[in-house]
Amino acid sequence: MNQTQTQPAAPSPAGPFEPKIVGFLCNWCSYAGADKAGAAQMSYPPNIRIVRAMCSGRVDAQFVMQAFRDGADGVLILACHGGDCHYQEGNYRATARHRLLLRLLRQLGIDEARCRFDYVSAGEGEKFVRVVNETVEAVRALGPLNGHGRRTM
Amino acid sequence: MSVGIYLCNCGTNIGERIDFSRLQEELLRQPGVAYATPVDFLCAQDGRRFLEADLGQRRPERVVIAACSPREYERAFMQVLERAGMNPCFLQMANIREQVAWVTPDVDQATGKACAQIRGAVERVRLHSPLFRTEIEACRDVVVIGAGPAGLKCALTLAEAGRKVVLVEKSPVLGGMPVRYEDLFPNMECGPCLLEPVLGEVLHGPHSANIEVLTLAELSGLKGYYGNFQASIRQMPRYVDAEQCIGCGECVPPCPVSAPNEFNFGLDTRHAIALPFPGALPNVPFLDARTCLRSQGEECTLCRDACPVEDAIRYTDAARTLERPAGAVVVVAGFGLYDCRSLPELGYGTVPGVYTSLEFERILASNGPTGGELKRPGGAPAGSVAIVHCAGSLEERHRPYCSGICCNYAFKFDHWIEKKLPGARVYHLYRELVAPGKEEFALYEEARRNPRAGFIRYAPGGVRVTGAEGGVTVEYQEPAGNRGSLTADMVVLCPALTGAADAADLSRLLGAPLDRFGFFAELHGRMDSAQSAIKGIYVAGACQAPMDIQMAVSQGMSAAGYVLSGLADGKKLEIPPIAAVVDETRCSGCRTCAWVCPYQAIGQSPEGRAASVGALLCHGCGTCAAACPSGAIRANHFTNEQILAEIEAVLA
């Protein structure tokens, strides 16, 4: 198996730390944006695992907490841009929920940069790739989520 | 539980970039995975036939297809499952083309990521429950609110398709605003003439029996949901029986009352019994009870005495509330103008001779307060007119948008001023000029060619209108800073179009939201602009956005199209299976879900405090499930358990 599957969440002498990121993507904009990046064959790091939800508003705080508990080093929540939500305003709910989530993560000693929220439209394949790259790099720089953060959950 | 996995190689698209033999080896180690079969082009006819036959033979309990994006073929594969005798929801796709093979150049890394995504799908699909489409009977009748051009065409189209339509109009006259305009841009067609054939069809055409026309009527309540609405309609008495009245108008002159005439925006007066204006349809006078002497206790019967028909005027008529079932409601409630009193520098309401464009339309109209003479009511013919475009538009503190029609009607005004008063000066004071469309430029060019027309561009807030001896002074500042002034006999303001004054009340009754400008919010600005956010409630015409007659009528027809396809004859309404369901035993009745639902799909269960989802209204976004503090809401096919299992497996 490749590194991201088998490697423990700790720096390996074999290479740089490869973080595991779970990306929650809404079906109508962000997931389509990821598909667009694929159709354009833009490559990006394989560290992200994509979980599709119909709407970013469906992304329950417990999904994020569960992802951290199950071994994710970072979480990405991607939504439609303001005014573009297929369900009118689910993305606004998701934004508000993310703000609360960050407060909770702070209390648990988890760096905010591990939980990024952004907007990616169906046409923004390039932005999707940029956001994934930035997130992977940011989480890589923070190192694996172990110790205090994971234990508290 | 056995899971069958199909690995589509998509030709070389996936097959050459992911190591299938390693993938198979890994996946077969997962408990419950019965097989992991590579297939060529699963989406092709051959592939789908193979899938159907293979499912019939191997009979897995759940299916994972690792292939392209589910946005491409998920529905098609669900149909294959159905044909193979399985519940279509027993499928989960793993997107290993767009989101793995095409974006991961390294085969090892791609194989690892594909494996994780497929494991996620396997663990998720185990927890899929069978979902079934359910159907309910739906009422095919339609309530159309508003009898302007868009509402009339919508009602007529539906009636021609055999639908029963209740056409609800709050005023005593049909035709909306354009019936009050002498002429219409871009080609000077007469407004009433444009509508006459449609009105004729609605009132007396071969399908008119399908249309119940209710004037002086407003929606007073709406219960139910898509397919099964119950509309309450409050109709004020006309006091003149439309069946008996011959439309001679003999009743009008004897009336001793004089009241401001709202059909001419108060520019003249009318009697208490009146026709809104000559030529108004239906050609039946109405009695305005608020101004009639009888409402002050006087026993006046002058109108009835003058009426040549026995019993056509009935003082005993009373308001009534009608209940009508409907499958859908079309809102065609029209527009308002931005209140020019919020622009005090423009002098509206304080400086005599300053009119809104709607008032000026009536001054131009031959059945208006001046009989079509271009002058202030009671004044002398105008020698000069200043037209202030963009009043209240293009400014965030008023209305940031361009209404798109004002320039066109301003050039129409220019045309009539030139024609009716040769020698009169016209000034166009504008911030921006727009004249899109294939015919509209001609009017603009004509205005530009008018030797007595001047075009002056002004800076934001750069127009000040004050009274002057025998006229009106207009001071302006151009964008470059230079100032100037002119005098005119009349000033016409072209205010931003807004939602109608009563749109907020109507929105509350319907549960269909308004946008921040007071227009009815559309489901999607470009693809579904004639649908509201609420299923079964459609919006058309200038109640949805500023627009011209052409676009309003197209939207009215579009709304009719939605109704005819959504509530098609001989078809039941399908309740989508991917919807939210409340576990009443866990619900605390806190209403958080109802608050976050963008579709007002969540009400209260008839038995108690618990929330209850109207399955027909639910769009399946799952926002309520994420918001519920008690975990009492299940988002079908996207349940917590399913998503949590997927998260765990993709990280394993």
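**In what order do the 5 strands of the open sheet in chain B lie?** They run β20-β27-β21-β22-β23, and the pairing is parallel. A word on the model before the close-ups: it is predicted, so local features need pLDDT of at least 70 and side-chain atom pairs count only at pLDDT 80 or more, while totals for chains, interfaces and linings use all residues. Residues are numbered from 1 along each chain as its sequence is written, and chains are lettered from A and ligands numbered from 1 in the order in which they are written.

**View 1. The open sheet of chain B and a helix that packs on it.** At the edges of the sheet sit β20 (354–356) and β23 (453–457) of chain B, each pairing on one side only. From one strand to the next the twist averages 20°. Helix α11 (residues 406–420) of chain B packs on this sheet and touches β21, β22, β23 and β27 (490–495), with its direction at about 175° to that of β21(B). Inside the sheet, β21 (residues 384–391) and β22 (residues 425–430) of chain B are joined in the parallel sense by 5 bridges, and V388(B) stands opposite L429(B) of β22(B). Here, helices (H or I, at least four residues) and strands (E, at least two) are DSSP runs, numbered from the N terminus; two strands pair if DSSP finds at least two bridges between them. Axes are lines fitted to C-alpha atoms, for helices over the stretch in contact, and angles run from 0 to 180 degrees between N-to-C directions.

**View 2. Strand β4 of chain B, covered on both faces.** All 5 of the 5 residues of β4 (residues 91–95) are buried, so the strand is largely enclosed by the rest of the structure. L91(B), M93(B) and N95(B) are buried on one side, with Q92(B) and A94(B) buried on the other. In a regular strand the side chains alternate between the two faces of the sheet. A residue counts as buried if 20 or more other C-beta atoms lie within 10 Å of its own, exposed if 12 or fewer, and partly exposed in between, with C-beta atoms placed from the backbone. Strand β3 (residues 62–67) of chain B runs parallel to β4(B), joined by 5 bridges, and A67(B) has N95(B) as its bridge partner.

**View 3. Two helices of chain A that cross.** The axes of α2 (residues 30–39) and α5 (residues 125–142) of chain A come within 7 Å and cross at roughly 95°. That makes α2(A) roughly perpendicular to α5(A), a label that covers 65 to 115 degrees, while angles under 35 count as roughly parallel, over 145 as roughly antiparallel and the rest as oblique. Where they meet, G33(A), A34(A), K36(A) and A37(A) of α2(A) face G125(A), K127(A), F128(A) and V129(A) of α5(A). Sorted by class, this contact has 4 nonpolar, 2 polar and 2 charged residues. Two residues are in contact if their C-beta atoms, placed from the backbone, lie within 7 Å. As for the classes, Ala, Val, Leu, Ile, Met, Phe, Trp, Tyr, Cys and Pro count as nonpolar, Asp, Glu, Lys and Arg as charged, and the others, Gly among them, as polar.

**View 4. Where chain A touches chain B.** The contact brings together 38 residues of chain A and 40 residues of chain B. On the chain A side, the elements giving two or more residues are α1 (3–6), α2, β2 (48–53), α3 (61–69) and α4 (90–107), and α2(A) has the largest share, with 6 residues. That side divides into 19 nonpolar, 11 polar and 8 charged residues.

**View 5. C55(A), a buried loop residue.** C55(A) sits in the loop between β2 and α3 of chain A and is buried, with 30 other C-beta atoms within 10 Å. Leaving aside residues up to four places away in sequence, C55(A) touches C26(A), H86(A), Y87(A) and G90(A), and also C621(B), G622(B) and T623(B).

**View 6. T466(B), a partly exposed strand residue.** T466(B) lies in strand β24 (residues 463–468) of chain B and has 13 C-beta neighbours inside 10 Å, so it counts as partly exposed. Beyond residues up to four places away in sequence, T466(B) touches G347(B), V351(B) and T473(B).
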